[in-house]
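Colleague: I would like to ask on what grounds the terms for this model are assigned. Please set each value against its definition.

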Amino acid sequence: MTWPPLLRLKEALGPAAELVVVGGAVRDELLGRPHADWDLATDLLPEVVMGRARAAGLKVIPTGLQHGTVTVILEDRPVEVTTFRTDGDYRDGRRPESVRLGVGLHEDLARRDFTINAMALPVGGGDLVDPFGGQADLAARLIRAVGDPLQRFAEDGLRPLRACRFAAQLGFEVAAATGAAIPSRLEVARKVAQERVFTELDKLLHGAEPERGLRLLESTGLLDLWLPELRPMVGCGQNRHHRYDVWEHTLRVVAQAPADPGLRWAALLHDAGKPGTRTVDERGETHFYGHEALSLDLADALLTRLKASHALRQEVAALIGLHGIHPTDAWGDPACRRFLRRLAEASLPLARWAAFRLADHQGKGLAPEAWEGDYRAMLARLEALAATAPPLSVRGLALDGAALMKLAGKGGGPWLGDLQRQLLEAVLDDPTANTPERLAALVLQLLAGGSGSAER
Ligand code: ATP
Ligand code: MG
């Protein structure tokens, strides 16, 4: 069941050495799920692993000798080989003070977080080593701490979040005692570094059932540690355009959005500004005027705090900023082209915007008859217009800057940008005007100060 190149390493280490696959790879192999890497554990000390692997002609990198880890390259893939170890005391709720090598496989498995992550599979054949009932929990679809969850969550504050993350990725329940231990360990969880939190939240959001993970964050109180801006969404009632409150709507949009970083984070954050902008008018109608702008601010503050990448922040901002615009089939072509320009300026492909919009619609919980036809017609319209590749920026104008300067008989300056913007507006209104001749005529007219379009 294991990857054949691992046998080469097993041979290099010698027949007496123990070499087992551990952790996520075992879990995912048993589930028949794809996994990115093979983590191995051995009874040999790291220096010995290095020596023997090198002697057999394998490339080895001493990546974490103090933790007992070396990386061996097998068929161009890095494989981590870690000496069986146990963790020393945890003093800061984040990582052990020390690790101790020279222990047995059972102790190594006992330090691991959940039973489904605490199994080992010998390389080259042999029975699964499963001291904590991981296989039974896989069958029962349960995330259960190894040992006493209160103690395990006191050692390392990341584990409660990992429980929610695995629940979202695998669609599993968290075992009762494991889940019940989380609320009393929030002060430990609070100390975890934001980067590690982001990594886990990101995996949670990409999971097969992200809404399950998010519900767990909410019910256990983890939400308030790392995503406090989202708490007011819970129970925030909406209007006749929505069946659910803001939080429930959000969970559905996240689940419906395609599983890629920008879309899932934007789905989580797109309506964060609703609670803070909620008003009820004299007729009893609820409104959220300007919520997009507040959502943008909250999303950026939250993602900055979590040390998300600039690229992710940009894409989330583009999606949130544009989610308040509702193109319809009734729009004129110029308005549709101006919308396409906004997408282009935000580097947001139409298909991604449309996928997000679809998820947002689906998350409202209304009958598809009420919106699906309009959505499809609007999208078909935008797609057809986009397929004609109209100029959406000054770069697409039939006269470039040099030609315009020649026509005007003057050198570059702020006037040039102004002129290009006016020409683009004219071309957005009527793309057939984008020929050198017609643009030249328009330039002369504009330079003579003869057209009102300069004020647009
Ligand atoms: P993924 O598929 O996301 O890589 P994984 O289970 O392999 O999931 P890793 O973070 O790669 O997760 O960790 C590898 C293994 O190390 C885990 O399966 C688990 O046995 C152990 N482990 C990781 N983090 C912790 C932790 N915070 N506490 C205890 N054990 C942990
Ligand atoms: Mg892993």
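Predicted model: local features only at pLDDT ≥ 70, side-chain atom pairs only at ≥ 80, totals over all residues.

Modeller: Let us begin with pockets: on a 1 Å grid over the protein atoms alone, a pocket is an open set of points with protein on both sides within 12 Å along at least five of seven lines, whereas in a cavity a 1.4 Å probe fits but cannot get out; lining residues have an atom within 4 Å of a point. Grid points are joined across faces, edges and corners, and a volume is the space filled by probe spheres set on the points. Residues are numbered from 1 along each chain as its sequence is written, chains are lettered from A and ligands numbered from 1 in the order in which they are written, and side-chain values use heavy atoms, with hydrogens and water left out.

Colleague: How do you know how the lining of the second largest pocket divides into nonpolar, polar and charged residues?

Modeller: Ala, Val, Leu, Ile, Met, Phe, Trp, Tyr, Cys and Pro count as nonpolar, Asp, Glu, Lys and Arg as charged, and the others, Gly among them, as polar. The lining of the second largest pocket then holds 8 nonpolar, 14 polar and 9 charged residues.

Colleague: What makes up the lining of the largest pocket?

Modeller: That pocket holds about 1,600 Å³ of space. Its 46 lining residues include Asp39, Glu80, Arg112, Arg162 and Arg165, the closest to its centre. The division here is 12 nonpolar, 13 polar and 21 charged. Helix H7 (159-170) gives the most, with 5 residues. Domain bounds come from an automatic or database assignment, and at least three lining residues come from each of domain 1 (4-140) and domain 2 (141-226).

Colleague: Why is strand E4 described as largely enclosed?

Modeller: Helices (H or I, at least four residues) and strands (E, at least two) are DSSP runs, numbered from the N terminus. Buried means under 20% relative accessible area, exposed over 50%, and partly exposed in between, with a 1.4 Å probe and protein chains only. In E4 (residues 69-74), 5 of the 6 residues are buried, so the strand is largely enclosed by the rest of the structure.

Colleague: What makes E4 and strand E5 a pair?

Modeller: Two strands pair if DSSP finds at least two bridges between them. E4 and E5 (residues 77-83) have 6 bridges, in the antiparallel sense, and threonine 71 stands opposite glutamate 80. Strand E3 (residues 59-64) also pairs with E4 in the antiparallel sense, over 4 bridges; there, lysine 59 has isoleucine 73 as its bridge partner.

Colleague: How many disulfides does the structure hold?

Modeller: A disulfide is a pair of cysteine sulfur atoms within 2.5 Å. The structure holds 0 disulfides.
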